[in-house]
Amino acid sequence: MSTAKPLGVYVHVPFCEKKCPYCDFYSAPGNEKKYNDYTGAVVSRIRFLGEKLGRRGDTLYFGGGTPSLLGEQRLCEMISAAKDAFGNNFSEITIEVNPTRLAPDFTVLKSAGVNRISVGLQSADENELRALGRMHTCEDALRCIAQAHDAGIDNVSADLMLAVPHQTTETLRRSIKFCIDAGVSHISAYILKIEPGTVFAKKQNELSLPDDDEAAELYETVCSELRGCGWRHYEISNFCRDDMRGLHNLKYWHDEEYIGIGPSAHSFIGGKRFFTPRRMQSFLDGITVDDGEGGTEEEYIMLALRLDEGVRAKAFCERFGYDLPGKYLSRAAALQSHGLVTVSSSDFSLTEKGFLLSNSIIAELLR
């Protein structure tokens, strides 16, 4: 196999029991036949890409949709194929799980090499769960996390949504406490965005949503609560304890290479970005669409600024073979007095206040 830096491998599992009203990800209903057919198609694609690329992989991520709907045996079949195709050196294998009573057998998954679970909690408030159209209860989520821990999977991440209907800082604090008490090691906290074409978009005026100032307060609540517990705020929307960062997603933010498998999955290989259209048949037919150049100086800086480590001159020079242009440092220094950016020697990063305004700050730095 190639001596190039290992790839991240992403597998999109598009099946869901029910489409959540806020969700814009590609998903579709499934049944046993569809699950079997899809598993076979993914395994074939993994084998094809393994032979074509001749690269090693070090992170494997099953996202969705709801990957856990496939059950542990089908997931294990795909994991085995990935190990055969990309080498048996995956330091992180993550599976997204919805915390319903249909959770897979985590003991079997652990034996196959799964060492990280991402639980779609979204909230630990029953009213908020109902407003979000979620099918699980807080009790279901607690049981799911405990089952993963009992199987020896200690690295459990939980998703929380911010600025959802009926949410207050108090209900958010309770959701955060729920996660900590349950023993999760990672929290992804995303502000709800109303996506075109979703159910929420069609009835947006009927939703009891926090305004922008309230959404900012909710974000700041997550930051302060988790910081107070000693957690690291390592990416705009991601927090961890004991440095248990999501290694696969770090590949995206470090602008490293990855291959995506499945409908709507994106890839970045050899300076080129491409994706499979949001149709099952497109994936089955092996269709990909060019998405332009990747890995540019501007893209690298934009992604690096999502992380607490920010832009580091040494890493930039190692990546591009020349020094970090001074224009970026001078622009960053101009924003430092506003508490939005921290500049240290030849490095710079966003503050937590800067994270909240990241889009406009990054646009200013890259103008």
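Helix H12 contributes the most to the lining of the second largest pocket, namely 3 residues. The model under discussion is a predicted one, and this pocket has a computed volume of about 240 Å³. Its lining comprises 13 residues, and those closest to the centre are His254, Glu256, Tyr300, Glu309 and Ala315. Two elements give two or more residues to this lining: helix H11 (297-304) and helix H12 (313-320). Sorted by class, the lining of the second largest pocket consists of 5 nonpolar, 2 polar and 6 charged residues.

Rolling a probe the size of a water molecule over the atoms shows where empty space remains. Across the whole structure, 2 cavities of 30 Å³ or more are found. The largest cavity has a volume of about 60 Å³. Of the 13 residues lining the largest cavity, Arg45, Gly260, Ser267, Thr276 and Thr288 are the closest to its centre. Helix H1 (32-53), strand S9 (258-261) and strand S11 (272-275) are the elements that each give two or more residues to that lining. Strand S9 supplies the largest share, 3 residues. By class, the lining of the largest cavity holds 7 nonpolar, 5 polar and 1 charged residues.

What is the extent of burial along strand S5 (residues 155-162)? Of its 8 residues, 8 are buried, so the strand is largely enclosed by the rest of the structure. In a regular strand the side chains alternate between the two faces of the sheet. In S5, Asn155, Ser157, Asp159 and Met161 point one way, whereas Val156, Ala158, Leu160 and Leu162 point the other way, and all of them are buried.

Strand S5 has partners in S4 and S6. Strand S4 (residues 116-122) runs parallel to S5 and is joined to it by 5 bridges; S5 and strand S6 (residues 186-191) also run parallel, with 6 bridges between them. Leu160 illustrates both pairings: Gln122 stands opposite Leu160, and in S6 the bridge partner of Leu160 is Ala189. Between S5 and S6 the chain passes through helix H6 (residues 169-182), and this β-α-β crossover is right-handed.

Aromatic contacts complete the picture. A pair of aromatic rings is described by the distance of the centres and the angle of the planes. The count comes to 13 aromatic pairs. One of them, formed by Tyr10 and Tyr61, is stacked, at 6.0 Å centre to centre and with 25 degrees between the planes. This pair links distant parts of the chain, with Tyr10 in strand S1 (residues 7-13) and Tyr61 in strand S2 (residues 57-64), 51 residues apart. Since buried means under 20% relative accessible area, Tyr10 counts as buried at 15% relative accessibility, and Tyr61 counts as buried at 8%.

Tyr252 and Tyr258 also form an aromatic pair, here edge-to-face, with 4.6 Å centre to centre and 75 degrees between the planes. Tyr252 has 24% relative accessibility and therefore counts as partly exposed, whereas Tyr258, at 10% relative accessibility, counts as buried. Elsewhere, ring pairs link Phe15, Tyr35, Tyr38 and Phe283 into a cluster.

How values were computed
Residues are numbered from 1 along each chain as its sequence is written. This is a predicted model: local features need pLDDT of at least 70, side-chain atom pairs count only at pLDDT 80 or more; totals for chains, interfaces and linings use all residues. Side-chain values use heavy atoms; hydrogens and water are left out. Buried means under 20% relative accessible area, exposed over 50%, partly exposed in between (1.4 Å probe, protein chains only). Helices (H or I, at least four residues) and strands (E, at least two) are DSSP runs, numbered from the N terminus. Two strands pair if DSSP finds at least two bridges between them. A crossover is right-handed if, with the strands pointing away from the viewer, the path from the first strand over the helix to the second runs clockwise. On a 1 Å grid over the protein atoms alone, a cavity is a set of points where a 1.4 Å probe fits but cannot get out, and a pocket is an open set with protein on both sides within 12 Å along at least five of seven lines; lining residues have an atom within 4 Å of a point. Grid points are joined across faces, edges and corners, and a volume is the space filled by probe spheres set on the points. Ala, Val, Leu, Ile, Met, Phe, Trp, Tyr, Cys and Pro count as nonpolar, Asp, Glu, Lys and Arg as charged, and the others, Gly among them, as polar. Rings of Phe, Tyr and Trp (its six-membered ring) pair if their centres lie within 6.5 Å; planes under 30 degrees apart count as stacked, over 60 as edge-to-face and the rest as tilted.
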